[in-house]
Amino acid sequence: MSEGILQPDQPETLEGEGKDLFSKFDDIIAMREGLLASGVEDPFNLVMEKVLSPTRAICNGRETILLGTYNYMGMTFDPDVVEAGKKALADFGSGTTGSRVLNGTYQGHKEVEQALKDFYDMDHAMVFSTGYQANLGIISTIAGKGDYVILDIDSHASIWDGCAMGNAEIVPFKHNDIEALEKRLKRIPEGAGKLVVLEGVYSMLGDIAPLKEMVAVAKKYGAMVLVDEAHSMGFIGEHGRGVCEQAGVIDDCDFIIGTFSKSVGTVGGFCVSNHPKFEIMRLVCRPYVFTASLPPSVVATAETSIRKLMHGSNKRAHLWENSKNLHKGLRDLGFQLGTDEPQSAIIAVIMPDLERGAAMWEALIKNGLYVNLARPPATPANMTLLRCSLCAEHSEEEVGEILRIFEVAGKAVGII
Ligand code: PMP
């Protein structure tokens, strides 16, 4: 190309001017502008003006049923949890202002780690500032250059980012496909370090992993196993330990990752493990060392919530009822769902395309129901989904109301 002539489709970078680093976002900017130009309410800019309970809020001036939060066990307004947070705020102040390895370990951090060890009946527990950082930290520290991470293609962003940060060889396999996992494991050079990363519940479709078979395959090839139980902790399994407990493989999991931002009802992340050398992670795991620790009020609410979740079997049973009722009701109305049977507290409703998905989302919110609109690239197979996540505090009547709103909106948009 001759110098000095700007081609029409070239970015207009003049001498002395750099490339606009935002140009890589032009497609997504155009897509978003196109969606908003159609006049729909912005599904990614909702404000909760007041939160009335785990299942109700005032959104955009309307009282709204919440069916798109991760508040599975409804702990956010539990009086003991709220009281513990208030007390810690008064006794220890608003923040630690430091890393766990310097001035940021308070009594409360040790207590919440003890609560996690008791909850999972495991030897070690390490608390991070978010679940995202727990995956980032553990995966990148365990699997370094020359090691292999074998992961489900639909893994959460924090898992992919942990792989990239650690510089390990990344070997993805087809979602929930046991044979594909085995094929990949077979090809990895003998003697190499191998970490298989799985999730208990996959949050887009709400389906669970065949952990019994997958963990057995991983062990057959000498791999370590990490399971992210973010969406199952507190709910699935006899003691709420997750899909690994339900599948009877918890003793074969080397690391369980979880979060406080879902069933626990606050913020934070963790890893529990029985590995005898696990404690060294506190010194070598960068996303643990190089960031401030959680505020005292947060760890106090988390500890209280985790201890209460140990006795949450009635709530777990009610949440299963809600999940079954919503799944059946939506299917009977004629909606296409992400799973044939309810497998978790997430029920995904598959939309024909983004435009009708956004229209349906808007019709629901205008009728007083909030769900998550999920779209590519966050979703598998380029699907547009309305993700419904249930709470143990939704009453049977509320589930009935939710179904009535879905019926009205679905008919108005022409989806059913
Ligand atoms: N893992 C999974 C599977 C998740 O879905 C999420 C959050 N949605 C995380 C980890 C990160 O959790 P946190 O919100 O605590 O960062």
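Reader: What is the basis of the numbering, and what confidence is required of the model?
Author: Residues are numbered from 1 along each chain as its sequence is written. The model is predicted, so local features need pLDDT of at least 70 and side-chain atom pairs count only at pLDDT 80 or more, whereas totals for chains, interfaces and linings use all residues.

Reader: What makes a segment a helix or a strand here?
Author: Helices are DSSP runs of H or I with at least four residues, strands are DSSP runs of E with at least two, and both are numbered from the N terminus.

Reader: Why is H3 called roughly parallel to H11?
Author: The axes of H3 (residues 107-120) and H11 (residues 296-309) come within 9 Å and cross at roughly 20 degrees. That angle makes H3 roughly parallel to H11, because angles under 35 degrees count as roughly parallel, over 145 as roughly antiparallel, 65 to 115 as roughly perpendicular and the rest as oblique. Axes are lines fitted to C-alpha atoms, for helices over the stretch in contact, and angles run from 0 to 180 degrees between N-to-C directions.

Reader: What is the handedness of the crossing of H3 and H11, and which residues meet there?
Author: The crossing of H3 and H11 is left-handed; this term applies if the near helix is turned anticlockwise from the far one by less than a right angle, and right-handed applies if clockwise. Gly108, His109, Glu111, Val112, Ala115, Leu116 and Phe119 in H3 meet Pro296, Val299, Ala300, Ala302, Glu303, Ile306 and Arg307 in H11. Contact requires C-beta atoms, placed from the backbone, to lie within 7 Å. By class, this contact of H3 with H11 has nine nonpolar, two polar and three charged residues. Ala, Val, Leu, Ile, Met, Phe, Trp, Tyr, Cys and Pro count as nonpolar, Asp, Glu, Lys and Arg as charged, and the others, Gly among them, as polar.

Reader: How do you know whether H2 and H11 are parallel or antiparallel?
Author: The axes of H2 (residues 79-92) and H11 come within 7 Å and cross at roughly 150 degrees. H2 and H11 are therefore roughly antiparallel to each other, and their crossing is right-handed. By class, the contact of H2 with H11 has seven nonpolar, five polar and three charged residues.

Reader: What relates H12 to H14?
Author: The axes of H12 and H14 (residues 396-413) come within 10 Å and cross at roughly 25 degrees. That makes H12 roughly parallel to H14, and H12 passes H14 in a right-handed crossing.

Reader: What makes S4 and S6 edge strands?
Author: An open sheet of seven strands has the order S4-S12-S11-S10-S7-S5-S6, with mixed pairing. Strands S4 (124-128) and S6 (169-173) each have a single partner strand, so one side of each is left without a neighbour in the sheet. The twist averages 20 degrees from one strand to the next.

Reader: What surrounds the ligand?
Author: The shell has 13 residues, the closest being Thr130, Gly131, Tyr132, Ala230 and Thr259; a residue is near a molecule if its C-beta atom, placed from the backbone, lies within 6 Å of it. Helix H4 (residues 131-142) gives the most to this shell, with three residues. By class, the shell has two nonpolar, nine polar and two charged residues.

Note on methods. Contact = placed C-beta atoms within 7 Å. Pairing = 2+ DSSP bridges.
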